[in-house]
Amino acid sequence: MRLSCLVFPAVQKCWPCPLSEWSERGSASCWPKSCIFLSWLEPISILLASLAALGMLLTVSVLVVYIRHGDTPIVKTAGGFIFYCNMAGFLCAFSSTLLVIGEPTSLKCKLQKPVFGISFALCLSSVLAKTVRILCSFESPVGRPSKLQMRLYLIIMGVGPFIQCLICMLWVYLDPPDARRVYPEGEPHMLLECYGDASLGSSFVNGYLCFLAFCALACAMKSQSLPANFNDAQGIAYAMMIFFVTWLAVTPVLHSSRGKMANVVLGVVILLSAYSSLAALFLYKCYVILFRPERNTAKWIKKSTYDHLPSLSLSFLLCKIGLVILGMPRGVVRLN
């Protein structure tokens, strides 16, 4: 604790400066401490904001590519509603990076982790729902998928993000994160930061994301025997493994870091998770749509699927392809 001293000819009297002020040793005055946080003008903040904006631009670009080629098999296989929910999740995940930049406020601290948690839960639920939808279409009896199988992906799309929303609401209500000032002893500055990231609620948010990622990875591994046109196992595996490794590696760092360093680490982790998932799930598909259109035709899909499963009848394959692409509940679909 710094002391401010008033010197008289016969006596010297010192008193402690307030927490928000400091003084040099032997000084007769106290000065306000400077406030340190991750401001918008710092180079690392500009870099994080630029990467977040680039991620949102790439997400919109993928959305435009899929909309412009909406009548092609790859786009139809994306699942329509599932795909749009996935894109919305990526946009929110990238935009949540901006919440770690700037002066921490009570509202910002309450939104930082929940916004990312809910948006990425939507992304993971979309991946899981699409994989389950394809698995149910191929593993059901010919032309007779059950009503539950045809609706299971919708249940996943609703329940997955809802549980995360419930976790976040309970966290914010019972043990809300908030902004606080930290006064390092003997330093001419104070830290303005969010606290609560190491709480039980934050652990539940991260744990639920890991649960969804594990379920998506397990379903992807089960679907790896399907034809390549309907098999996202490799991309999902890469995305989920990067997600696991990233969060396991930085969780101790997040719990031990303070001030602007904690915000930088959180922003980097969010961007890395979102970029890896976006690239693993959509980069190759966009490449095929834009530069290999001959592989994005019904004829190519029928041929490659029949080559992959030559023992199955053509009518069976056409039925399953129709179930995946068009979502038809029964009957054999003709693909011209």
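Helix H6 (residues 200-222) packs against helix H7 (residues 233-256) at an angle of about 155 degrees, and their axes lie 9 Å apart. Everything here comes from a predicted model, in which local features need pLDDT of at least 70 and side-chain atom pairs count only at pLDDT 80 or more, while totals for chains, interfaces and linings use all residues. Residues are numbered from 1 along each chain as its sequence is written, and side-chain values use heavy atoms, leaving out hydrogens and water.

Helices (H or I, at least four residues) and strands (E, at least two) are DSSP runs, numbered from the N terminus. Axes are lines fitted to C-alpha atoms, for helices over the stretch in contact, with angles running from 0 to 180 degrees between N-to-C directions. H6 and H7 are therefore roughly antiparallel (angles over 145 degrees; under 35 is roughly parallel, 65 to 115 roughly perpendicular and the rest oblique). Their crossing is left-handed, meaning that the near helix is turned anticlockwise from the far one by less than a right angle. Residues in contact (heavy atoms within 4.5 Å) include Leu 209, Phe 214 and Leu 217 of H6, along with Ile 236, Phe 243 and Trp 247 of H7. By class, this contact has 16 nonpolar, one polar and no charged residues (Ala, Val, Leu, Ile, Met, Phe, Trp, Tyr, Cys and Pro count as nonpolar, Asp, Glu, Lys and Arg as charged, and the others, Gly among them, as polar).

On to H1 and H8: their axes come within 10 Å and cross at roughly 25 degrees, which makes H1 roughly parallel to H8. This crossing, too, is left-handed. Among the residues that meet are Leu 48, Leu 51 and Tyr 66 in H1 and Val 264, Leu 271 and Phe 282 in H8. The contact of H1 with H8 has 18 nonpolar, three polar and one charged residues.

The structure holds three salt bridges (a side-chain nitrogen of Lys or Arg within 4 Å of a carboxyl oxygen of Asp or Glu). One of them joins Glu 42 and Lys 260 (3.0 Å, N to O). Glu 42 lies in the loop between S5 and H1, and Lys 260 in H8, so the pair ties together parts that are 218 residues apart in sequence.

Then there is an open sheet of three strands, ordered S5-S7-S6 with mixed pairing (two strands pair if DSSP finds at least two bridges between them). S5 (34-36) and S6 (178-182) stand at the edges with a single partner strand each, so one side of each has no neighbour in the sheet. S5 and S7 (residues 189-195) run parallel, joined by three bridges, and Cys 35 stands opposite Met 190 in S7.
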